[in-house]
Amino acid sequence: MATGPIDGNFEILKLDGVTRRFAGITALDGLDLTIKRGEFIALLGPSGCGKSTALNCLAGLLPLTDGGIWLDDRRIDVLRPEQRGFGMVFQSYALFPHMTVRKNIGFGLMMRKVAKADIDKRVAEALRMVRLEAHADKLPGQLSGGQQQRVAIARAIVVQPPLVLMDEPLSNLDAKLRLEMRVEIRRIHKELGRSTIYVTHDQDEALSLADRIVVLHDGKVQQVGSPEDLYARPANHEVARFMGYQNSLTLDVVGGGDGETRLAGPGMVVQGIGQVPSGRAIASIRPEDLVAGAEGVNTIDVRVTGAEYAGREFVGTAVTQDNQPVIFRSPRRISTDELVRLSVPTDRVRVFAEAQR
Amino acid sequence: MSSLAAPGGGIAGSKPGWRASLGWDGTTLLILPAVCFVLAFFVFPCLYGLVLSFMPLKGGVFDNYIRFFSESRFYSTIWKTLLIALPATLANVFLALPIAFALRKTSRYQRIVTAILVVPITLGTVLVAQGLLGYLGPNGWFMRLLMTLHVIDAPFRLTHNYTGVLLSLIITGFPFSFLLTLSYVTGIDPMLAKAAATLGASPWTQFKQIYLPLLAPGLAMGFCLAFVQSFAVFPSAVLLGEPAGTTRVMALAVYQLAYEDYNAPMAAAGAMVMGAVQLIVVSCVLGLRGLFYRGPVGGTKG
C-alpha cells in the first residue's frame, strides 16, 4: 500500500454505516452517503448533531467505531490522515503561527516533496485565487479574521486534494464577511472542480452553497436532498425546523384524508399537508405564514409574550393555551399579554408524525 | 470626579504630567515592594561585591582578578563547573521534552505522572545527595542488584566523583525543567498538528515542523533556568562529589576563599567571575532564542 497522500481525483466517495461512539455516547450513528466527484455537500445540523464528528472521521482525525469509507474501490478509513491527502479547513483555521502566509500555503506541497520552483508557482497561484498576494510574507497573527480564513482555504486547496473538508469555516466571521466569503467559497469550488464537504449549522449557508444537503440530528441522518427538495418537502419536523419552520406545535390528530391531516389542541384547530393516521402529530409552520388578525379555517388562540417592530410589520412571540411557544407576524401593533387569534393557510402547514425517541 | 475617567487613569485629583505620559498611575505603586526587595537583596550586594572585589587585601585594583585568572586552582573551577552544569542542564531539558510531549494530552496519567515526577522538588538537594550516597554507594542496593544479576563482578564508583554530582543535579533539576516544558507543550494548540497531518505530515514531521519551532523559545528559557540552578551547585558537589578534584566548582572555591582564607575581596572577585560566566551563557542562549518565532502559539488571533 502506498504511504504517500492519495493523488488524483475519484469518481465516487462512499460512506458506509460510518459510526463513532465516545465513551458510550453515539455521536454519529450509521452515516450512509455517496458523493460524486465535483459535488458540494453540506452537512447541516445543530451543534452536537455529529456533523463535525463525520468530518473528522473522513479526515482521519477520529477513528471509526464501525463502518467504512471507500474512495472508488479503495478503503480509506484505515489510512492515517497524512495518507488520505484530503484538504481540511478548520473552524479555528489552525494556521501555523510561526510560518508566513506563503509557507503556510506551501506546507502541503513541501510534504509532497514538490520541487521548489513548482511550489513557488502553485503558491503564487493559490494566493491570487484567494486574493492575498499583498500579504504573502506576513505571519498569520498579522492578518484579519477574513484573511486568515482565506489562507486556511488556500492551504487546503493548493495541493489539489480530491476532497476538501470544511468545518464551519465562516462561523468566526462577522455577518458581512460571511456573505462575501460564501461567494468566494462557491467560486473556488467551481474553479477547482473538486468535491467539497461543508459542515455548518447555518441553513442559509447550506442552501446557498450546496448541491446536496445532509441534515443530521442526534447523530442520525434525517434527510438527504437538494436544497430545493429539502425546502419544499422536509421529511420530518427536525428538517423542517432547519428550513425555516420555526414553529412546531404538538397536537392531537382528529381527522384527515387526501394527503392532509386535521389536528386540534386547546384553542387550536389546524389542518395541514402530510398524512398521520392517528395519535399525536407535529404541525410545522413558518413564522411568516402565521399571521395575527386574519380569518381562516386554521385558528390558533395565543397570549402574546413579546413583540418587536421589524419595519413593515411586527414580529411577535406568544404561547398557546397549553404553553407551546410560537413566533408570528402581525400587521398591527400588539402588546404583551394581549389575547390574539392567529391563522395560517392549510397549504402552509406541514404535519409530521411525532418523532420516535 | 472627571479626573477618574481621564485617559491613563491617574490618582483622582492629580494633574496629568510626566507620570501620566509614562503611563504611570496608582497601580504603578504596587511594584514598590518588589523594587525594594531587588534593591536590598540583589542590587546592593551585587554592587557591594563588585566594589569589594576591586579592593584586594594587598596589591592594585585589579590584583584579585589577575590572581584568579593566573592561578589554576581558581580559573580551572570555571571549566569544572561548566563541565557539570552544561551536561546536567542539557540532560534535563532533553529528558523533559519527550516526556512532556508524550503527556501533552490531558488524561489522568498526566496528573499521576506529573505528581510522581515532581516529588523530588520537595526533597531538597541535601536529602537527595544523602539518599544517592546510600543507594549508589559500594554497598547500596543498586550495586548489589547489578552484582546479583551478574551484570558486574565488583562495585564501581558512582559517588564521590563527577558522576555522582551529575546524577544528583539531574534528579533535583528535572522536575523544574519538566513542569516548565509541560506548560509550554500543552500551550500549543493540538489542532496545528492535526492540520499538519491532513496536509501530509507524518507524526515525526509534525513534531519537527510544528511543535519544535514553537517550543524552541520555551526550551531556551527552560535551559537558562536549569543552567543557572546547576551552575550554583554547592551541596551535592561537596557531599556526592570529589571537592578536591573534578568537582571543585566555583561556588566551592568562592566559599573557601571567604570562610577558610578569610579573603572576602578575593571571594567577591570569584563571585563576580561566576556571575559573568552565567551571564555569558544565558545571553548566548537567549540570543539564539531571538532567531525563533515568539508570538502566540494558537492557530488563530483569538
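Biologist: Which residues do ring pairs link into a cluster in chain B?

Modeller: This is a predicted model, in which local features need pLDDT of at least 70, side-chain atom pairs count only at pLDDT 80 or more, and totals for chains, interfaces and linings use all residues. Residues are numbered from 1 along each chain as its sequence is written, chains are lettered from A and ligands numbered from 1 in the order in which they are written, and side-chain values use heavy atoms, with hydrogens and water left out. Rings of Phe, Tyr and Trp (its six-membered ring) pair if their centres lie within 6.5 Å; planes under 30 degrees apart count as stacked, over 60 as edge-to-face and the rest as tilted. The cluster linked in this way consists of Phe101(B), Trp204(B), Phe207(B) and Tyr211(B).

Biologist: How many residues apart are Phe101(B) and Phe207(B)?

Modeller: A search of the whole structure gives 19 aromatic pairs over all chains. In one of them, Phe101(B) and Phe207(B) are edge-to-face, at 4.8 Å centre to centre with 75° between the planes. Helices and strands are DSSP runs numbered from the N terminus (helices H or I, at least four residues; strands E, at least two). Phe101(B) belongs to helix α4 (residues 72-102) of chain B and Phe207(B) to helix α11 (residues 203-231) of chain B, so the pair links distant parts of the chain, 106 residues apart.

Biologist: Is Ser284(A) buried or exposed?

Modeller: Ser284(A) lies in strand β14 (residues 280-285) of chain A. Leaving aside residues up to four places away in sequence, its contacts (heavy atoms within 4.5 Å) include His237(A), Tyr245(A) and Arg348(A). Buried means under 20% relative accessible area, exposed over 50%, and partly exposed in between (1.4 Å probe, protein chains only). Because its relative accessible area is 0%, Ser284(A) is buried.

Biologist: Which residues form the covered face of strand β18 of chain A?

Modeller: In a regular strand the side chains alternate between the two faces of the sheet. In β18 (residues 325-330) of chain A, the uncovered face holds Pro325(A), Ile327(A) and Arg329(A). The covered face is made of Val326(A), Phe328(A) and Ser330(A).

Biologist: Which residue takes a positive phi in the hairpin of β17(A) and β18(A)?

Modeller: Two strands pair if DSSP finds at least two bridges between them. Six bridges join β17 (residues 314-320) of chain A to β18(A), and the two run antiparallel. The hairpin has four residues between the strands, and the positive phi, near 65°, is that of Asn323(A).
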